[in-house]
Amino acid sequence: MTRSLRSFSAPVMAMVLLGLLAVFLAAPARAEIEVNVNRGDVQPLPVAVPAFGGTQGADIAQVIAANLQRSGLFRPLDPASFVEKNLTAAVQPRFGDWKTINAQALVNGQVTVEGGKLRVDFRMWDVFAEQQMLGLQFTSSPENWRRVAHKISDAVYERLTGEKGYFDTRVVFVAESGGRAKVIKRLAIMDQDGANPSYLTSGDSIVMTPRFSSNSQEITYMSLRPDSSSIFLFNLETARRESLGAFPGMVFAPRFSPDGGKVAFSVERGGNSDIFVMNLSSRTSTRLTSDPSIDTSASFSPDGARIVFNSDRGGSPQLYLMGADGSGQRRISGGGGRYTTPVWSPTGEFIAFTKQTGGEFHIGVMRPDGSDERLLTSSYLDEGPTWAPNGRVLMFSRETPGGPPKLWTVDVTGRVLQPMPYPGAGSDPAWSPLLN
Amino acid sequence: MMRSVNGNTLLRLALVGAAAASLAACASKPKPTYPTQAPPQTQPQAPPRTELPPAAPVTQAPTGALPGSTEDFVVNVGDRVYFDTDSHDVRADATPLLDAQSAWLRRYGAVKVRIEGNADERGTREYNLALGARRANSVRDYLVEKGVTADRISTISFGKEQPIDAGSGEASWDKNRNARTAVVSGAR
């Protein structure tokens, strides 16, 4: 069976080839289940993830099942329905037992702790083809069991969709507390499933708009004090923090270039905001825009050649494109409404944005030439999308009138919209690249 | 000008010499307290003011604020003006208050101020930072045009980060689109 086209012209979404079930049953050994991420008109794939054997085997299975569920592409089956119990990774499953509950894929495994190391062996099975699709072993320290579960989730996702997963990732965001009028904003980080949240700053200054480097565990963010603003670089592995330097006027909206060697940002002087780019090794800055309007929220294309940004030079905030040297500035957003916060997708095929129209805020996507605009969400206040590293899911913040901001995710088709499993108030999410 | 200085001196003496009496007098006034910081205003726009008379500060400072003090500026001049949606143009109804600010700043020439631009929540964070900066600079430009020297004025934008009204709705947004002139130094 050929892999599905990655084309996005059709309404995108999880396609489970249930319709070809008969083909699987009759087909020779090459037949495989497959999830087509490009179609959205069919049910999620039923999968079984029984508790792994050994210490924390049940926890690991739960994390995997929850990841797969949240992707919207898979439907983990209720463990109470399982016929075969205590399945280990050492034996072949009784496929008939799993066919009975219509599990298309089965993920099982065994946890062993030896010499202070956690080892997880897992296999994934195509139940109806009765063949193994995946067999891998992960070793780590025992406290790292959630990361092992995320890596298994990524392996399952990639094997079934043909695309990289996004589960072994983290999210930097702004944790908010204290209420709207006296809000305390702290930089924080958590796993993509909301686990292991921790603070990175103390809350003595307002922090905003963190962004990940696309190739390292480094972030850049803005800090606002009563009389000044700063942009910081912060290495999450070394905890080294440094300022981008002093500028005449305000600095804000920092973004890394794809190679991590540059930061684009806005400098405001005399009420006019323009986009600059700083080479981080030479510390020299180049001005990219000089229009008397607001130019901000620059975002590089994945190849680093172009920048999409926000400008109100035409009278209202719209999205513009330019070369990474500032050349060829032109508007790409065409519809009515106000467009802000453009973010180029990691795959290059889309630009996500916030759009205000009709008193509502939306998260949307368009192609880099401005075509094929689709609004994925709608609410009182949706803002600030960030892409999962595979370009399939967006995280953003949502506020109800008077309420605190909460983090939500939506897949790029707009079908799978849900709050993040993080209970606190948060804004300005930034999704990390896949961890190593 | 001399009258003004004399008047201030007299008031200062009065305050120093009879603090208890002065405080008691204050307490009997309609406004029972005066703030040490800018109070959240409850009206979307400050009442129009004409230029302050040059003297008679005792009767012009009913809350007891010392002329030339931060309290005097906040209470008797007004520190905040408001803007229309998506606009950084100084509104016609804001000019009397800004005229009073410029007069006060020209009178107390040692005072330095920082103008803080603010935006309502109906915009995204970074654009609103830029919009707040525009508002702060509109006020700055107005004051400079009215004779306040530019090096006494700094600006910053808080975007939508520091709403003075935590509510959601037109009335709250009207209040949160503003520029506040904050006394930084040089006040009495």
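Modeller: The account below begins with the chain as a whole and then turns to one helix, H6 of chain B.

The model is predicted, so local features need pLDDT of at least 70 and side-chain atom pairs count only at pLDDT 80 or more, while totals for chains, interfaces and linings use all residues. Residues are numbered from 1 along each chain as its sequence is written, with chains lettered from A and ligands numbered from 1 in the order in which they are written.

Chain B holds 7 helices and 4 strands (DSSP runs of H or I, at least four residues, and of E, at least two, numbered from the N terminus). Read from the N terminus, its elements follow the order α-α-α-α-β-α-β-α-β-α-β. Of the 188 residues in chain B, 41% are buried, meaning that 20 or more other C-beta atoms, placed from the backbone, lie within 10 Å of a residue's own. Counting contacts (C-beta atoms, placed from the backbone, within 7 Å) between residues of chain B at least 6 apart in sequence, 75% join residues at least 24 apart.

Within this chain, H6(B) spans residues 125–145, and its axis comes within 9 Å of that of H5(B), residues 95–107, at a crossing angle of roughly 55°. Axes here are lines fitted to C-alpha atoms over the stretch in contact, with angles from 0 to 180 degrees between N-to-C directions. The two helices are therefore oblique to each other; angles under 35 degrees count as roughly parallel, over 145 as roughly antiparallel, 65 to 115 as roughly perpendicular and the rest as oblique. Their crossing is right-handed, the near helix being turned clockwise from the far one by less than a right angle. H6(B) contributes B:Val139, B:Tyr142 and B:Leu143 to the contact, and H5(B) contributes B:Leu98, B:Gln101, B:Ser102 and B:Leu105. By class, these residues comprise 5 nonpolar, 2 polar and no charged (Ala, Val, Leu, Ile, Met, Phe, Trp, Tyr, Cys and Pro are nonpolar, Asp, Glu, Lys and Arg charged, and the others, Gly among them, polar).

Definitions and conventions
Two residues are in contact if their C-beta atoms, placed from the backbone, lie within 7 Å. A residue is buried if 20 or more other C-beta atoms lie within 10 Å of its own, exposed if 12 or fewer, and partly exposed in between; C-beta atoms are placed from the backbone.
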